[in-house]
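I opened my notebook with the sequence and the model side by side. These entries record what I looked up.

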Amino acid sequence: MREEFQADLNEVSRLLVTMAEAVRAALRKATAALLTADLKAAESVIERDVEIDKIYALVESKVADTIARQAPVASDLRMVITALHISADLERMGDLAEHVAKTAKRRHPSPAVPAELRPVFKGMAEVADQMAEKIADLLGKPEAEAAAALETADDAMDDLERELFKVLLNDDWPYGAETAIDGALLGRFYERYADHAVNVGEQLVFLVTGQPVDGQS
């Protein structure tokens, strides 16, 4: 019975790593679409979001089946419930990448962001990519300290969002309200992507230590 339970956990872990890699690839491609007005890249992200949703459904199904068959308790139950929370955050990260791609598609053939905003969005994309890469690594080998460090990367994302708003709210902004609104929403998408990455980190800390992170829901 224990071997069967471990096999179930291994399968769930594999699915979560696959999800993490998929949401990382999605935002990378969505950012490329955003900055270069690449319609095919934007459409690819939108079309492939359904694959992330399917993996999420598989995790939910596997967790429910494992609980029903194995009736885990204590640390074993923590493992499967944590997996469920992590998959929900990863699914949302995929949705946010899709939102970026949809903005790029809607503004095509023009770039969705003007030249003045590209450096900050490149920075936001780099921070988000590093966080997603770290998540994929940690899902394969959880470490509490490394997972908690995702909060620092989120601080960098918040700094970049503040920098973005300084540009958008400058009296000399020449691109009109629609482009400013798009810029603000896009900044929010990247910021929320990072927030969900932090949530995953907090779940991993809880998984390893059994102690919830302060402020963790």
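**Entry 1: ground rules.** I began with what an element is: helices (H or I, at least four residues) and strands (E, at least two) are DSSP runs, numbered from the N terminus. I noted that this is a predicted model, where local features need pLDDT of at least 70, side-chain atom pairs count only at pLDDT 80 or more, and totals for chains, interfaces and linings use all residues. Residues are numbered from 1 along each chain as its sequence is written, and side-chain values use heavy atoms, with hydrogens and water left out.

**Entry 2: the whole chain.** I looked up the elements and found seven helices and zero strands. From the N terminus on, they read α-α-α-α-α-α-α. The C-alpha trace spans about 65 × 35 × 20 Å along its principal axes. Next I checked the radius of gyration, taken over C-alpha atoms; the globule rule is 2.2 Å times the number of residues to the power 0.38. For 217 residues a compact globule would have a value near 17 Å, and the chain's 19 Å agrees.

**Entry 3: inside and outside.** I wrote down the cut-offs: buried is under 20% relative accessible area, exposed is over 50%, and partly exposed is in between (1.4 Å probe, protein chains only). Of the 217 residues, 47% count as buried. I also recorded that contact means heavy atoms within 4.5 Å. Among contacts between residues at least 6 apart in sequence, 83% join residues at least 24 apart.

**Entry 4: Ala-101.** I found Ala-101 in helix H3. Is Ala-101 buried or exposed? Its relative accessible area is 0%, so Ala-101 is buried. Leaving aside neighbours within four places in sequence, Ala-101 is in contact with Ala-30, Ala-42, Val-45 and Ile-46. I then compared Ala-101 with Pro-72: they are 29 residues apart in sequence and 40 Å apart in space, C-alpha to C-alpha.

**Entry 5: the core.** A nonpolar core is a set of buried Ala, Val, Leu, Ile, Met, Phe, Trp, Tyr and Cys residues joined through side-chain atoms within 4.5 Å. The largest one here has 66 residues. Those with the most contacts inside it are Leu-34, Leu-90, Phe-121, Ile-135, Leu-139 and Tyr-190. Two or more core residues come from each of H1 (2–36), H2, H3, H4, H5 (144–148), H6 (150–168) and H7 (176–209). H1 gives the largest share, 15 residues. I followed up Leu-139: not counting residues up to four places away in sequence, Leu-139 touches Ser-13, Leu-16, Val-17, Ala-20, Ile-86, Leu-90 and Leu-204.

**Entry 6: a buried glutamate.** I found Glu-191 in helix H7. Its relative accessible area is 7%, so Glu-191 counts as buried. Beyond its neighbours within four places in sequence, Glu-191 is in contact with Asp-154, Met-157, Asp-158 and Glu-161.

Entry 7: Which peptide bond is cis? The bond from His-108 to Pro-109 is, with omega near 15 degrees. Pro-109 is in the loop between H3 (74–107) and H4 (118–140). I also noted positive phi values in two alanines. Ala-71 has phi near 45 degrees and is in the loop between H2 (39–70) and H3. Ala-71 counts as exposed, at 54% relative accessibility. Ala-74, in helix H3, has phi of about 55 degrees. Ala-74 is exposed too, with a relative accessible area of 64%.
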